[in-house]
Amino acid sequence: MTPRFQFSIHATDGKARTGTIAMQRGEIRTPAFMPVGTAATVKAMKPQDVRASGADIILGNTYHLMLRPTAERVDRLGGLHGFMGWNRPILTDSGGYQVMSLSELTKRNEEGITFKSHLDGSRHLLSPERSMEIQRLLGSDIVMAFDELVPTTSTRDVQAAAMERSMRWARRSREGFDSGGAHAERAALFGIQQGALDQDLRKASADALLDIGFDGYAIGGLAVGEGQEAMFGVLDYAPGQLDPGKPRYLMGVGKPDDIVGAVERGVDMFDCVLPTRSGRTGQAFTRGGPINIRNARFAEDQGPLDPECGCPVCAKWSRAYLHHLVRAGEILGAMLMTEHNLYFYQALMADLRAAISEGRLTAFAEDFRRDYYRDRS
């Protein structure tokens, strides 16, 4: 019988690990990158093409889906998987980050956050209990605890207060999730470590989460403008504060070189809008670094986006054609650029898994950074 949630580590190399998360809707190979399907779609991609790129799991967004089409409607229509045509695992975030970044806040207290919708101004309460309910209605496979995010530039007192409230909300999330009946019997719940850039706050957060007990642990509050050096400074210690037998998920990351550095520091899961958003704006990720296909130098370039890439886009279409599509605003341009970027990210994850398994991660990372940065030196 397929387990509800089981994480197996197959090999390690330094702090890095490669393994498998087994769930009822399929296995997730780690380190894993989750394409972002904010509104029940990975933008410009069909579900079968997302899967063909190598993705084992995608991410859905609680905030956006609760507002449109509403979690209740998705539930009536059979759940998020059937609604969007993706039959593999889905992780849903708790909605807390979007509430903070997109909404006009009217009240934030111990109960939760009352906010105005960015769509129509309607008022809503998002609390730990409501977040768990929404994620249950969506049919999420991996549910995220509800937390409070504050900028890393906030005072330490503000950061400490937000972390402590997040830990109280984590316990309420645990209780709300556990009362979810059949959903709780097949889904998993991840807690989120907070504490900004402060090692002591991070440790206190980790201790609180470990006391509650979760299936996996996210490192939150990073990739919000602090820069790579500061983020890596936190990742030098934060993963080690968490349960070594559970997956570690770095939320909202990131650029390919961010991912390589985070894997070296022991992170197992990632998500980011970058490959899809960049694809829609004409940026392609290649092993020689990112390129802007809108640049005039590609107007008659008959080579592929990335000569080392084996994706369907690089096999068939030239830089010149993609340059034309993107400059002309053709929908196909966004589709092909996005498809290439998702293949690039999934190929990077496969390369990282192989390097860890074969004990050559350091050499792989050094070669990757040398090639990726070569046009910026």
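At what angle do the axes of helix α15 and helix α16 cross? You will find the answer in the third view below.

**View 1. The whole predicted model, with its 16 helices and 16 strands.** This is a predicted model, in which local features need pLDDT of at least 70 and side-chain atom pairs count only at pLDDT 80 or more, while totals for chains, interfaces and linings use all residues. Residues are numbered from 1 along each chain as its sequence is written, and side-chain values use heavy atoms, with hydrogens and water left out. Helices (H or I, at least four residues) and strands (E, at least two) are DSSP runs, numbered from the N terminus. Along the principal axes, the C-alpha atoms fill a box of roughly 60 × 50 × 45 Å. Of the 377 residues, 56% are buried (under 20% relative accessible area; exposed means over 50%, and partly exposed in between, with a 1.4 Å probe and protein chains only). Among contacts (heavy atoms within 4.5 Å) between residues at least 6 apart in sequence, 65% join residues at least 24 apart.

**View 2. The open sheet of strands β1, β2 and β3.** The 3 strands lie in the order β1-β2-β3, with antiparallel pairing. β1 (6–13) and β3 (26–30) are the edge strands, each pairing on one side only. From one strand to the next, the twist averages 15°. Two strands pair if DSSP finds at least two bridges between them, and β1 is joined to β2 (residues 16–23) by 7 bridges. For a landmark, look for Phe 7, whose bridge partner in β2 is Ile 21.

**View 3. Helix α15 against helix α16.** Here is the answer to the opening question: the axes of α15 (residues 331–357) and α16 (residues 361–372) cross at roughly 145° and come within 8 Å. Axes are lines fitted to C-alpha atoms, for helices over the stretch in contact, and angles run from 0 to 180 degrees between N-to-C directions. From α15, Phe 344, Leu 348, Asp 351, Leu 352, Ala 355 and Ile 356 meet Leu 361, Phe 364 and Phe 368 of α16. These residues divide into 8 nonpolar, no polar and 1 charged (Ala, Val, Leu, Ile, Met, Phe, Trp, Tyr, Cys and Pro count as nonpolar, Asp, Glu, Lys and Arg as charged, and the others, Gly among them, as polar). The 27 residues of α15 reach 40 Å from first C-alpha to last, close to the 39 Å expected at 1.5 Å a residue; the expected span is 1.5 Å times one less than the number of residues. Just after α15, Gly 359 takes a positive phi of about 70°.

**View 4. Strand β11 and its parallel partners.** Because 6 of the 6 residues of β11 (residues 188–193) are buried, this strand is largely enclosed by the rest of the structure. Ala 188, Phe 190 and Ile 192 point one way, while Leu 189, Gly 191 and Gln 193 point the other way. Strand β10 (residues 142–144) is joined to β11 by 3 bridges, with Val 143 opposite Leu 189. Strand β12 (residues 216–219) pairs with β11 over 4 bridges, and Ile 192 stands opposite Ala 218 there. In the loop between β11 and α9 (199–212) sits Ala 196, with a positive phi near 55°; this residue is buried, at a relative accessible area of 6%.

**View 5. Phe 270 in strand β14.** Phe 270, in β14 (residues 269–272), counts as buried because its relative accessibility is 0%. Leaving out residues up to four places away in sequence, its contacts include Ala 32, Phe 33, Tyr 249, Val 253 and Met 349. Phe 270 and Ala 32 are 238 residues apart in sequence, but 6.2 Å apart in space, C-alpha to C-alpha. Val 253 is also joined to Gly 254 by a cis peptide bond, with omega about -5°.

**View 6. The loop between α2 and α3.** Pro 69 lies in this loop, between α2 (62–67) and α3 (71–76), and a cis peptide bond with omega about 10° joins Arg 68 to Pro 69. Thr 70, in the loop between α2 and α3, has a positive phi of about 95° although it is not a glycine. With 24% relative accessibility, Thr 70 counts as partly exposed.
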